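Here is a friendly walk through one structure, with an eye on a sheet and on some aromatic rings. Have the viewer ready and follow along.

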Amino acid sequence: MKIAVPNKGALSEAAAQMLREAGYRQRSDSKELVLTDEANHVEFYYLRPRDIAVYVGEGTLDVGITGRDMLLDSGARAREVLALGFGGTRFRFAGPTGAGHTVEGLTGQRVATSYPGLVGAYLERQGVKARLIKLDGAVESAIRLGVADVIADVVETGRTLRQAGMDVFGEPIMHSEAILIQRAELPEPMGLELLVRRLSGVLVARNYVMMDYDCPAELVDRASALTPGLESPTVSPLAKSGWVAVRAMVRRAQAQQVMDDLWELGARAILVTDIAACRL
């Protein structure tokens with residue numbers, strides 16, 4: 001199976017790290033363009049993130065990792081297979097502070113963007129006919145230089161826009177993140193099911209922890225309600241009469257609160273451990 005991976009930019013290292021955690025080899029030299037992982041029968045091709053959807057959509061490569069915004073902007077014949085949980089961004093319109101711009105009022109206006117396909121499709125759905133100005137790279141200077149009236153771009157904190165004297169307006173055009181894609185019309189390539197299973201296991205391992213604790217047997221139902229796990233918690237009797245040991249997966253973001261709640265309930269010896277990998 002041939003897999004496209006971002007060669008640089010915000011998605012590059014995060015994508016490589018996720019693949020490593022999923023058990024695949026990754027390059028140690030950023031100048032490498034191709035890497036063969038013979039043990040997993042995979043070839044990795046390191047390409048510009050914007051080009052990955054095109055290669056996959058044309059069937060040149062089997063699958064790839066890119067941003068959802070780049071996939072939609074490309075118009076490539078590729079589809080999203082799995083959201084990967086990193087590289088999250090929002091795509092917004094922005095204009096001069098206090099100008100009172102609205103999305104509905106963009107008809108006849110000049111909109112500078114690096115994503116004309118994405119923005120054009122959005123405006124068409126809104127029934128707005130604006131003139132799109134395609135720019136590569138940063139577009140924050142387009143208004144000051146007289147190239148555009150407003151811009152449409154990726155917004156993370158909004159700090160760069162504020163420094164340029166702009167504010168966002170309207171609802172987000174879209175929420176983007178890194179995704180795994182394959183060609184839309186082709187059947188699943190051999191090895192894709194295993195890749196998805198491994199990457200899904202990494203996502204679970206990143207988002208969950210294993211929680212172990214002891215509690216009085218008469219409280220096990222109330223404790224289990226706090227830690228239901230994915231199916232149900234594992235409950236085992238302890239040598240200490242009237243006590244049980246409980247083990248369950250808990251969302252990482254909620255772990256500290258759950259520990260507090262269990263302690264207040266009467267549980268003791270509450271332990272949290274990371275999950276390195278899993279198959280569910």
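Let us begin with a facing pair: Asp-214 stands opposite Arg-268 in strand 15. This is a predicted model, in which local features need pLDDT of at least 70, side-chain atom pairs count only at pLDDT 80 or more, and totals for chains, interfaces and linings use all residues. Residues are numbered from 1 along each chain as its sequence is written, and side-chain values use heavy atoms, with hydrogens and water left out.

**The sheet and its helices**

Strand 12 (residues 208-216) and strand 15 pair in the antiparallel sense over five bridges. Strands here are DSSP runs of E with at least two residues, helices are runs of H or I with at least four, and both are numbered from the N terminus; two strands pair if DSSP finds at least two bridges between them. The open sheet has four strands in the order 13-14-12-15, with antiparallel pairing. Strand 13 (234-237) and strand 15 (268-274) stand at the edges with a single partner strand each, so one side of each is left without a neighbour in the sheet. From one strand to the next, the twist averages 20°.

Helix 6 (residues 192-207) packs on this sheet and touches strand 12 and strand 14 (243-251), its direction making about 50° with that of strand 12. Contact means heavy atoms within 4.5 Å, while axes are lines fitted to C-alpha atoms, for helices over the stretch in contact, with angles from 0 to 180 degrees between N-to-C directions. Helix 8 (residues 255-265) lies across strand 12, strand 14 and strand 15, and runs at about 5° to strand 12.

**The aromatic rings**

The structure holds four aromatic pairs. Rings of Phe, Tyr and Trp (its six-membered ring) pair if their centres lie within 6.5 Å; planes under 30 degrees apart count as stacked, over 60 as edge-to-face and the rest as tilted. Two of the pairs are listed here.

| Pair | Type | Centre to centre | Angle between planes |
|---|---|---|---|
| Phe-91 and Tyr-115 | edge-to-face | 4.9 Å | 80° |
| Phe-93 and Tyr-122 | tilted | 6.0 Å | 50° |

Phe-93 lies in strand 6 and Tyr-122 in helix 4, 29 residues apart, and their pair links distant parts of the chain. Phe-93 counts as buried at 0% relative accessibility, where buried means under 20% relative accessible area, exposed over 50% and partly exposed in between (1.4 Å probe, protein chains only). Tyr-122 is also buried, at 9%. Phe-93, Tyr-122 and Phe-169 form one aromatic cluster.
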